[in-house]
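Work through the exercises below with the coordinates open. Try each task before reading its solution.

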Amino acid sequence: MTDYRESDRILNVLTRERGLVAVTARGCRKPKSKLAAFASPFVYGEMEVNERLGKLQLSGAAVLESFYPIRESYEQLVSASCAVSAVAHLAPRETPNDDLFVLLYNTLSLIAYGENDPMDVELCFWAKLFKIEGVAPTLTYCLKCGRDLRAEKEVRFSNSLGGSVCEACGSAFKAVSTLSLEALRRMMLIDVNEMRRVRLPEKVRAELTSLIYSYAEYALDFTVKR
Ligand SMILES: [Zn+2]
């Protein structure tokens with residue numbers, strides 16, 4: 001969102017019907033504004049808009065969910081912010097994308113109310129985002145020689161090739177355990193409603209965080225700022 005004039009704000013809103021839209025919220029920064037609660041980050045709700053000359057102006061809004069507990073811990077806030085920024089970067093303007101909408105809603109909901117480590121929820125968000133964006137990496141065989149890698153303990157991962165490479169073909173690439181790749185593969189496959197079951201061992205979480213952020217930068221042109 002961008003503040004402008006004394007009390008107005010332009011909101012970037014992900015909608016189910018039209019994808020990402022820019023909406024002007026007049027006067028929403030005044031203390032008594034009815035739009036103030038809606039015009040803040042991490043809010044799910046319904047809005048009424050007027051459209052004039054292709055510009056949307058917010059005339060009314062109802063907050064249905066504010067995911068309040070996200071603001072209670074730094075880890076939750078950072079993971080939620082990462083997910084929101086990635087979607088804001090990738091969501092098509094004026095084009096609906098239901099998968100993206102549902103993924104973001106479930107991610108915020110789980111970070112706010114779930115029992116999981118927020119980082120596990122965030123990593124699962126990324127895994128599913130790669131799939132939605134059509135850049136799901138290869139994880140089970142070598143992209144150069146085709147060899148099945150599932151029986152190996154450690155392999156290599158190449159951003160530019162798009163996934164796993166065997167030791168012999170890719171010793172210059174970053175080493176990663178097949179345990180982490182298997183966790184990533186499962187997270188890409190599960191339904192959004194199953195995300196609450198994700199519990200990563202600490203070593204896998206650390207390894208996947210670095211692999212996923214680096215791959216997101218390459219494949220989605222998005223740099224994670226934490
Ligand atoms: Zn190979």
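**Ground rules**

This is a predicted model, in which local features need pLDDT of at least 70, side-chain atom pairs count only at pLDDT 80 or more, and totals for chains, interfaces and linings use all residues. Residues are numbered from 1 along each chain as its sequence is written, and side-chain values use heavy atoms, with hydrogens and water left out.

**Exercise 1. The whole chain**

Task: Describe the secondary structure, the dimensions and the burial of the protein chain.

Solution: 
- Step 1. Take helices (H or I, at least four residues) and strands (E, at least two) as DSSP runs, numbered from the N terminus. The protein chain has five helices and eight strands.
- Step 2. Read the order from the N terminus: β-β-β-β-β-α-α-α-β-β-β-α-α.
- Step 3. Box the C-alpha atoms along the principal axes. The box is roughly 65 × 35 × 30 Å.
- Step 4. Apply the burial classes: buried is under 20% relative accessible area, exposed is over 50%, and partly exposed is in between (1.4 Å probe, protein chains only). Of the 226 residues, 45% are buried.
- Step 5. Define a contact as heavy atoms within 4.5 Å. Among contacts with a separation of 6 or more, 58% join residues 24 or more positions apart.

**Exercise 2. Two helix pairs**

Task: How do α1 and α2 pack, and how do α2 and α3?

Solution: 
- Step 1. Two packed helices are described by the angle between their axes and the distance between the axes. Axes are lines fitted to C-alpha atoms, for helices over the stretch in contact, and angles run from 0 to 180 degrees between N-to-C directions.
- Step 2. Start with α1 (residues 74-90) and α2. Their axes cross at roughly 175 degrees and come within 10 Å. Angles over 145 degrees count as roughly antiparallel, under 35 as roughly parallel, 65 to 115 as roughly perpendicular and the rest as oblique. So α1 and α2 are roughly antiparallel to each other.
- Step 3. List the residues. Q76, S79, A80, A83, V84 and V87 of α1 meet L100, L104, T107, L108, I111 and A112 of α2. By class, this contact has nine nonpolar, three polar and no charged residues. Here Ala, Val, Leu, Ile, Met, Phe, Trp, Tyr, Cys and Pro count as nonpolar, Asp, Glu, Lys and Arg as charged, and the others, Gly among them, as polar.
- Step 4. Turn to α2 (residues 98-113) and α3. Their angle is about 175 degrees, with the axes 10 Å apart. This pair is therefore roughly antiparallel too.
- Step 5. From α2 come D99, L100, L103, T107, L110 and I111; from α3 come P118, V121, F125, K128, L129 and I132. The contact of α2 with α3 has nine nonpolar, one polar and two charged residues.

**Exercise 3. T107**

Task: Is T107 buried or exposed, and which residues does T107 contact?

Solution: 
- Step 1. Locate T107 in helix α2.
- Step 2. Check accessibility. T107 is buried because its relative accessibility is 0%.
- Step 3. Skip neighbours within four places in sequence. T107 then contacts A83, V121, F125 and M195.

**Exercise 4. The zinc site**

Task: Which protein atoms are donors of the zinc ion, and what is the geometry of the site?

Solution: 
- Step 1. Collect donors: N, O and S atoms within 2.8 Å of the metal (3.2 Å for Na, K and Ca); water is not among the atoms, so sites may look incomplete. The search gives SG of C142, C145, C166 and C169, at 2.3 to 2.4 Å.
- Step 2. Classify. Four donors count as tetrahedral if all angles lie between 85 and 135 degrees. Here the angles are 96 to 116 degrees, and the site is tetrahedral.
- Step 3. Write the spacing along the chain: C-x2-C-x20-C-x2-C.
- Step 4. C145 lies in the loop between α3 (118-132) and β6 (154-158), and C166 in the loop between β7 (163-165) and β8 (174-177), 21 residues apart.
- Step 5. Compare accessibility. C145 is partly exposed at 44%; C166 is buried at 2%.

**Exercise 5. Positive phi**

Task: Where do E94 and D221 lie, and what are their phi values?

Solution: 
- Step 1. E94 lies in the loop between α1 and α2. Its phi is near 60 degrees, a positive value in a residue other than glycine. E94 is partly exposed at 42% relative accessibility.
- Step 2. D221 lies in the segment after α5 (202-219). Its phi is near 55 degrees, also positive in a non-glycine residue. D221 is exposed, with a relative accessible area of 61%.

Conventions. Four donors count as tetrahedral if all angles lie between 85 and 135 degrees; four count as square planar and six as octahedral if opposite donors are over 155 degrees apart and all others between 65 and 115; anything else is irregular.
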